Amino acid sequence: MVSLAATFGRGAMTNHWRDIKNADLILINGANPAEAHPVGFQWFMRAKLDRGAKIIHADPRFTRTSAVADMYLRIRTGSDVAYFGGLINYVLQNNLFHDAYVRNYTNASFIVKDGYSFKDGLFSGYDASKRTYNIATWSYETDSATGFAMRDLTLQHPRSVFQLMKQHYSRYTPEMVSSITGIPVADFKKVAELVGQMGKPDKVMTIVYAVGLTHHTTGGQLIRSGAALQLLLGNMGRPGGGMNAERGHANIQGNTDHAISWEILPGYLRIPAPGQKTIAEYVAASAPKKSDKNSWNFFGTNYSKFMVSTLKAWFGDAAKKDNEFAFDFIPKPASNASWMTIYDQALKGKMEGLILSGMTAASIGPDSNQVRDALGKLKWLVVMDALPTTSSEFWHAPGVDAASVKTEVFMVPTTHWIEKDGSFVNSGRWSQWKDQVLPPEGQARHDHWILADVFQRVKKLYQSQGGKFPDPVMALTFNYKDATKPELDEIAKEINGKDLTTGKQLASFALLKDDGTTTTGDWIYTGSYTEAGNLMKRRQGVQDPKANDPTGMGFFANWAWSWPLNRRVMYNRASADLDGKPWDATRPGITWDGSKWVGDVPDYPPTMDPHDPASWLPFIMNGEGVGRLFSNSMIDGPFPEHYEPVESPVANPLHPANSASPVAFLYDQAAGRPNRFGDAKEFPYIATSYRLTEHEHYVTQHVPHLVQLQPKAFVEIPYELANEKGIKNGEQVRVSSKRGKLEVAALVTKRLGALTVAGQKVYQIGIPIHWGYVGLSADSDPGKGRYWLANALTPFVGDANARTPEFKAFLVNVEKL
Amino acid sequence: MGVAGAGALAASGLGFDDALAKSTQIKQKLRIEGAKELHSVCPYCAVGCSLVAYTRAKSNGTTELLQIEGDPDSPVNEGRLCPKGATAMQLAVSPRRVESPLYRAAGATRWQKMSWDEMLDKIAKNIKSSRDATFVTTDGNGNTVNRTEGIAFAGGAAFSSEEGYFATKLMRGLGLVHLEQQARV
């Protein structure tokens, strides 16, 4: 999501599920929607069956998605930058990009500062001792009078983004792509020809991906390479186009938006950093800066309004103009505080307590054995869940001596989704309200009631005993009828925000102010619960498609509510040409009718005439006003570049001296622990992990029907390799990495097969993630699922930008047991 | 089967299938007749399939969940569900639920039941103690940072959005910097 924000301005799926039916070509990378998102996949099939769309699936495994694709490409896991880079090269070399779009709606014409360079796998500014880049040279040359970026609309300037990009990707020839990815040259050329057609204004392609792109030390750049291709083809902002991230959990989107994430506050405001003393200093360091005269820079311009309104929502009367609206009450992290950092800190003895809710660290990993050690170094662990998890039970897991584990563990029984109301936000940003269907089971309590009650007790302790800086604890607003039992309806209203002078719910974030007279819990949700009521409850769907979807584009504007402001396709100003006419009249996003924009809710001022020379550029969230082919918001490079996974059987064919990402974060090394990486001599096979249709992470180990459908832990072994090793289908195998092992059944299959990479033959092993030592399967296993945790194998390293672990590419050995 | 049904049987070459479909429909109708119809969303992946749930109040005061099915009006799924969504009832009502708060003391080899009041008190004391022990008011450069370094919160992909927002607000209110959820991993 970091990569989408760095390219377009917001970190979320740009279109939505139903919109995929509008595409002419669907590229699927790092995803298996037919099995992982089967009901969403109906819209892919509608595109194929109703409009003859082609589907191209690039994946290590041949899956049910591949089975209905027009082309299947067996690709080496983690090599998608080379695939997209090769497509970018093909489009640029053959002038197949969408010319008007690229010139006007992207930063192709922007001129980069002298001093930027890329040599032998390293961008300018590299500091080898710190393993970081100083990104000062990755910026635009500016006009000294205006401070705006210099542009050359002819795209000929040698330091224009366009020319630098052309040069950067010229190395990604079909032969190089093939050498890195393992895709045969002829197959790659066929794909390139199909993709090359999609730069025509009346054609549109979508790229769909999931965690198969994210879970790499190059994850951010894998996604950005697809995003850059989409900008070149003019496919962003359009129905049937976009960069569409398929998220894996019911409300992962909503709770990212609401910032259960160390680096942000609600609505993707950055967490303040040490040294910022005032709102002004915070905004100066955090908000995008206007870098073109026609850039609205909507986010940057309004940043302080969103921040102040959130501080007012949280701290009420204690947030005043003369105390910078209680800016000091917001914690300022010293450094990265993400998922792996939590366990890294625990291993160092610096983390005392951990609260887990609906998330089991012991299974999720990476490096489950190390995570289990980390849990054992905590003073206390609170697990809030409806069902036992591998974390609540870690202290007496098979092979663990419970008496030696000194962590105090609390198992707090919570209610299920069906026992409470509130909204779930799907991948496509549609926020759908749920009813409370059942009362809480037995003694279970709602998570938010548990948290509220605990907070009130902590507050009482501070009142009676005093302690460290109790001010924010005392001031935090609890404007609910019952402070220990807030209703989700009350919280939904708080999230939307109101005008403190009138007491009325706000209809739009455009009404937020930075003078302390408005509140919002999360500005991107302002408009979801207005004076008209809770718009997330709306239900005007396919029971009357003519009335509820008049354009036929699938917007269904009165079904639920989507952020921002109920826009269904983000950046939709880019769906129309400079005059405001849709690039393709049969698939309009928004259209200028002479006095206003009609169609989807415009991601643009509703009455701004596109013919006005002062009219804004289309990507209103970016300081440039345009989409970024070149971005200095990524700390591992302004252009995506292929790097090998941290564990790889080959040296990078592009630059063997800098093979893996030079800035991937090596947690163990940084903490003074030995890096536990394997090499191809000891661990010759590439492994990748994934999910099955019948299971959802780990919770479904408690669902009898699903356990019956997929009862047993297994790994998928390529047929040819199994023959070499004498492994028969169903036999037990040991799969080991430098960090741990699995002992499970072998599923011998031709869905996986050998690849030729950098002139070598390599095999890929497939590992479903769903099993562990808790659940119905483990209960019936003689070994109690002791060696079933897939993440016992995965490395404790992170992507430079997001610190996402490399779950999807690592080295293993396979032995018959 | 009435006369109309028999007529339909006679008119159709594959009458038995039609009859079976019809009787399934009737059975389905009886199953949910008089039930309360409520709306929900599938708890699994992020397609966000809309659900219809049927419940009936029983004479003993409890609520019985009769059925969960895909919502035919939804533009997201048009009534369809995958194997996970289709078995959502077995997640909703499960004999495997944790029945009461459970506590495991340091070094203990088994769980012990605990009252809610005692458990919430203990958790609150732990939070206060760890917050006070690891709170940093001012960093080495003299900057006001007001952060709790020694407590982490992770989770929320199964929360309603409003619960997630509330968790963020409370944890930031306590000064937490280690705040994470499923999006990272």
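## Contacts of A:A250

In this predicted model, A:A250 is in contact with A:W417 and A:F424 of its own chain and with B:V41, B:C42, B:P43, B:Y44, B:C45, B:A46, B:A157 and B:A158 of chain B, leaving aside neighbours within four places in sequence. Two residues are in contact if their C-beta atoms, placed from the backbone, lie within 7 Å.

Local features need pLDDT of at least 70 and side-chain atom pairs count only at pLDDT 80 or more, whereas totals for chains, interfaces and linings use all residues. Residues are numbered from 1 along each chain as its sequence is written, with chains lettered from A and ligands numbered from 1 in the order in which they are written.

## Nonpolar core

A:A250 is also one of the residues that touch the most other members of the largest nonpolar core, which has 299 residues; A:I26, A:V382, A:V715, A:I765 and A:V812 are listed with A:A250. Such a core is a set of buried Ala, Val, Leu, Ile, Met, Phe, Trp, Tyr and Cys residues joined through C-beta atoms within 7 Å.

Helix α14 of chain A (residues 298–315) gives the most to this core, namely ten residues. Helices are DSSP runs (H or I, at least four residues) and strands likewise (E, at least two), numbered from the N terminus.

## Surroundings of A:P388

A:P388 lies in the loop between β13 (380–385) and β14 (408–413) of chain A. A:P388 counts as buried because it has 21 C-beta neighbours inside 10 Å (buried: 20 or more other C-beta atoms within 10 Å, these atoms being placed from the backbone). Not counting residues up to four places away in sequence, A:P388 touches A:E393, A:V774 and B:V98.

Conventions: Buried ≥ 20, exposed ≤ 12 C-beta atoms within 10 Å, placed from the backbone.
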